Amino acid sequence: MALSSRGLLTRLLRAAGPSPSIPSLFPYRSFSAEVLVDEGELRGGGGGRIIEAKPGVMGPESRRTGAIAVKCGMTALWDKWGARVPITVLWVDDNVVSQVKTVEKEGIFALQVGAGQKKEKHLSKPEVGHFRAQGVPLKRKLREFPVTEDALLPVGTPITVRHFVPGQYVDVTGISRGKGFQGGMKRWGFSGMPASHGASLSHRSIGSTGQRDAPGKVFKGKKMPGRMGGKQRTVKNVWIYKIEPARNFMWVKGQVPGAEGSFVYIKDAVYKKPEISSLPFPTHFIPEGEDTDELEPLIADLGEVDPFMAAD
């Protein structure tokens with residue numbers, strides 16, 4: 001009874017509007033199904049900020065957004081000495097800017113990028129509501145990339161593989177392969193115990209792990225057997241060998257974390273920074289009338305001697 005009367009009084013106070021003669025009997029927080037947003041928020045501008053999708057000039061402190069890719073697998077090329085060079089194939093699967101965060105509203109400048117497709121029945125109601133509020137298709141994977149103010153993009157802007165250029169270095173982040181519970185030799189590279197006379201059933205043991213009475217314990221962080229893999233890892237300075245705009249494929253030299261079919265996150269390298277003049281800023285915009293299916297693959301400049309050519 002008390003709860004019903006309290007709710008009735010709350011509705012009456014709301015209907016009457018603010019009045020100085022009626023004091024606030026108790027604090028309340030109103031919840032409404034009708035969300036009032038302005039035009040800027042509908043466009044993903046954040047607090048009424050107008051963001052235009054147009055090319056700009058990248059500065060020394062500018063920071064572009066990244067992209068989400070699917071690790072397709074590994075192949076190999078051969079250098080001029082006949083050595084095998086691993087090449088990883090990445091697929092930038094339908095990346096779209098799904099949310100814009102600004103200092104006025106969220107306190108940071110960042111872009112949320114969505115990749116892939118997913119059915120509504122496989123998403124939670126909050127996720128479906130988020131995509132519908134932003135006006136973008138349902139995405140399988142989301143990732144937020146911090147950017148500078150001059151690198152903001154409006155909601156719905158596609159991020160293709162041409163966001164990167166062949167020959168530049170990138171940092172690739174992913175979840176490493178899980179290897180389960182492993183011993184010290186496999187997990188940390190220990191040499192193991194002697195495999196000679198007298199070493200009975202202890203060939204792969206890690207040996208002593210502590211001291212005697214002082215301190216009388218095993219210090220935290222000791223390298224011991226345990227769960228191996230299945231953690232977020234970043235491989236820095238991965239070189240882009242080739243991109244294929246027709247299928248949004250990217251060939252990178254070396255290995256990247258994760259199993260085939262897993263998502264990885266690509267962004268410009270922090271240490272080996274690419275040439276500013278060669279990067280599209282804030283991203284590559286597809287010209288009107290361009291048929292992406294007919295574009296030829298772009299290969300990095302290998303110099304006078306091709307390192308991937310087999311020796312004569």
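Two strands are taken to pair if DSSP finds at least two bridges between them, and helices (H or I, at least four residues) and strands (E, at least two) are DSSP runs numbered from the N terminus. The structure described here is a predicted model, in which local features need pLDDT of at least 70 and side-chain atom pairs count only at pLDDT 80 or more, whereas totals for chains, interfaces and linings use all residues. Residues are numbered from 1 along each chain as its sequence is written, and side-chain values use heavy atoms, with hydrogens and water left out.

An open sheet of four strands shows antiparallel pairing in the order 5-4-3-6. Strand 5 (141–146) and strand 6 (158–159) stand at its edges with a single partner strand each, so that one side of each is left without a neighbour in the sheet. Within this sheet, strand 3 (residues 95–101) and strand 4 (residues 110–115) run antiparallel and are joined by five bridges, with Val100 standing opposite Leu111 of strand 4.

Helix 3 (residues 125–134) lies across strand 3, strand 4 and strand 5 and runs at about 85 degrees to strand 3; axes are lines fitted to C-alpha atoms, for helices over the stretch in contact, and angles run from 0 to 180 degrees between N-to-C directions. Contact here means heavy atoms within 4.5 Å. Accessibility is classed by relative accessible area, with buried meaning under 20%, exposed over 50% and partly exposed in between (1.4 Å probe, protein chains only). By this criterion Val128, Phe131 and Gln134 of helix 3 are buried. Seen down the axis of helix 3, the buried residues fall within an arc of 135 degrees and so line one face of the helix, the arc being that of the directions from the helix axis to the C-beta atoms. The face of helix 3 turned away from this buried side carries the exposed residues Lys125, Pro126 and Arg132. Just after helix 3, Gly135 takes a positive phi of about 75 degrees.

When neighbours within four places in sequence are left aside, Thr157 is in contact with Ala53, Asn95, Val96, Val97, Thr283 and Phe285.

A nonpolar core is a set of buried Ala, Val, Leu, Ile, Met, Phe, Trp, Tyr and Cys residues joined through side-chain atoms within 4.5 Å. The largest such core has 35 residues, and those with the most contacts inside it are Leu90 and Met250. Two or more residues are given to this core by strand 1 (67–78), strand 3, helix 3, strand 7 (169–175), strand 10 (232–244), strand 11 (249–253) and strand 12 (263–268), of which strand 10 gives the most, with three residues. Apart from this core lies another, of eight residues, among them Ile87, Val89, Trp239 and Tyr241. Beyond its neighbours within four places in sequence, Leu90 is in contact with residues including Val70, Cys72, Phe249, Met250 and Ile266.

Strand 11 is mostly covered, as four of its five residues are buried. Strand 11 runs antiparallel to strand 2, to which five bridges join it, and Phe249 in strand 11 is the bridge partner of Trp91. Five bridges also join strand 11 to strand 10, again antiparallel, and here Lys242 stands opposite Trp251. The hairpin of strand 10 and strand 11 has four residues between the strands, and Asn248 takes a positive phi near 60 degrees there; Asn248 counts as buried, at 18% relative accessibility.

Most residues other than glycine have a negative phi, and most peptide bonds are trans. Asp94, in the loop between strand 2 (84–91) and strand 3, has a positive phi of about 50 degrees although it is not a glycine, and is partly exposed, with a relative accessible area of 35%. A cis peptide bond joins Ala214 and Pro215, with omega about 10 degrees, and Pro215 is found in the loop between helix 4 (184–188) and strand 9 (226–228). Another cis peptide bond joins Phe281 and Pro282, with omega about -5 degrees, where Pro282 lies in the loop between strand 12 and strand 13 (298–299).
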